[in-house]
Amino acid sequence: MKNAMEPMSFTSDRVFSDRGRLYTESACPGKRIYGERLFSIKGTEYREWDPRRSKLSAYLTVGGKQFPFSKSSRVLYLGASSGTTPSHVADICSEGKVYCVEFAQRMFRELVGTCETRPNMMPILGDATKPEEYAMFTDSVDVVYQDVAQKRQAHILCENMDAFNAKHGMVAVKARSEDVTASPESIFKDAEKVILDKGYKIIDCKQLDPYEKAHAMIVVGRE
Ligand SMILES: C[S@@+](CC[C@H](N)C(=O)[O-])C[C@H]1O[C@@H](n2cnc3c(N)ncnc32)[C@H](O)[C@@H]1O
């Protein structure tokens with residue numbers, strides 16, 4: 001580890017890289033969320049962001065360059081699970097807010113513990129297919145990030161972008177959640193078509209191999 005890390009200036013000044021590994025600046029020094037490595041450099045603590053544990057890290061690691069998150073972004077995170085990736089998003093959006101939606105009770109309990117470490121993360125027990133269930137928490141967000149690994153992934157993204165007037169969206173499409181018999185490429189094309197038909201534009205689409213097999217990250221914007 002060098003004495004200073006380089007921000008990934010082409011994507012974000014909030015994500016740091018050192019010899020191919022990614023890091024976020026920890027909003028809660030000394031606290032690990034999923035056993036990640038912590039490093040302190042000149043009084044600042046960084047958390048390693050593992051591309052095998054986070055599809056957003058995988059997207060950046062395979063060369064994805066479209067990164068709509070900034071320090072002040074308000075993010076609706078769908079499929080938050082126990083909060084692994086949401087905690088890195090919360091480090092990145094340190095002056096914004098991350099609304100974390102999860103519908104499985106057991107994961108939600110762990111998510112609540114993660115959110116206790118970061119005041120800008122809000123846990124919401126809700127179903128991502130029903131935006132009206134969590135509409136009372138906010139009128140609008142800057143970014144909808146979605147990783148629910150269930151059917152109709154592109155539809156769910158667009159319905160939430162519509163409901164919360166988001167300028168950007170990202171969806172980690174898991175091909176096998178849509179149809180185990182179809183080729184992943186055809187599933188990704190179908191997802192792109194849904195997004196275009198809903199009136200949004202595709203900013204990027206990258207497959208996440210070798211970190212996540214048969215997954216693609218699609219980055220979406222408004223026309
Ligand atoms: C692949 S995991 C998410 C991992 C997480 N995004 C991360 O990187 O740390 C998918 C999660 O989505 C949740 N999920 C699936 N369908 C959902 C829905 N309709 N509403 C809310 N959460 C959902 C599952 O319970 C699961 O915890």
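Colleague: Is Asp197 buried or exposed?

Modeller: This is a predicted model, where local features need pLDDT of at least 70, side-chain atom pairs count only at pLDDT 80 or more, and totals for chains, interfaces and linings use all residues. Residues are numbered from 1 along each chain as its sequence is written, and side-chain values use heavy atoms, leaving out hydrogens and water. Buried means under 20% relative accessible area, exposed over 50%, and partly exposed in between (1.4 Å probe, protein chains only). Asp197 has a relative accessible area of 56%, so the word for Asp197 is exposed.

Colleague: Which residue does Asp197 meet in a salt bridge?

Modeller: A salt bridge here puts a side-chain nitrogen of Lys or Arg within 4 Å of a carboxyl oxygen of Asp or Glu. At 2.7 Å, N to O, the partner of Asp197 is Lys193.

Colleague: And Lys167 with Asp142: how many residues apart in sequence are the parts they tie together?

Modeller: Their closest N and O atoms are 3.7 Å apart, a salt bridge. Lys167 lies in the loop between helix H4 (153–163) and strand S10 (168–174), and Asp142 in the loop between strands S8 (121–125) and S9 (143–146), so the parts tied together are apart by 25 residues.

Colleague: How many salt bridges are there by this rule?

Modeller: Some are linked in a network, with Glu36, Arg47, Asp91 and Arg118. The count comes to 14.

Note on methods
Helices (H or I, at least four residues) and strands (E, at least two) are DSSP runs, numbered from the N terminus.
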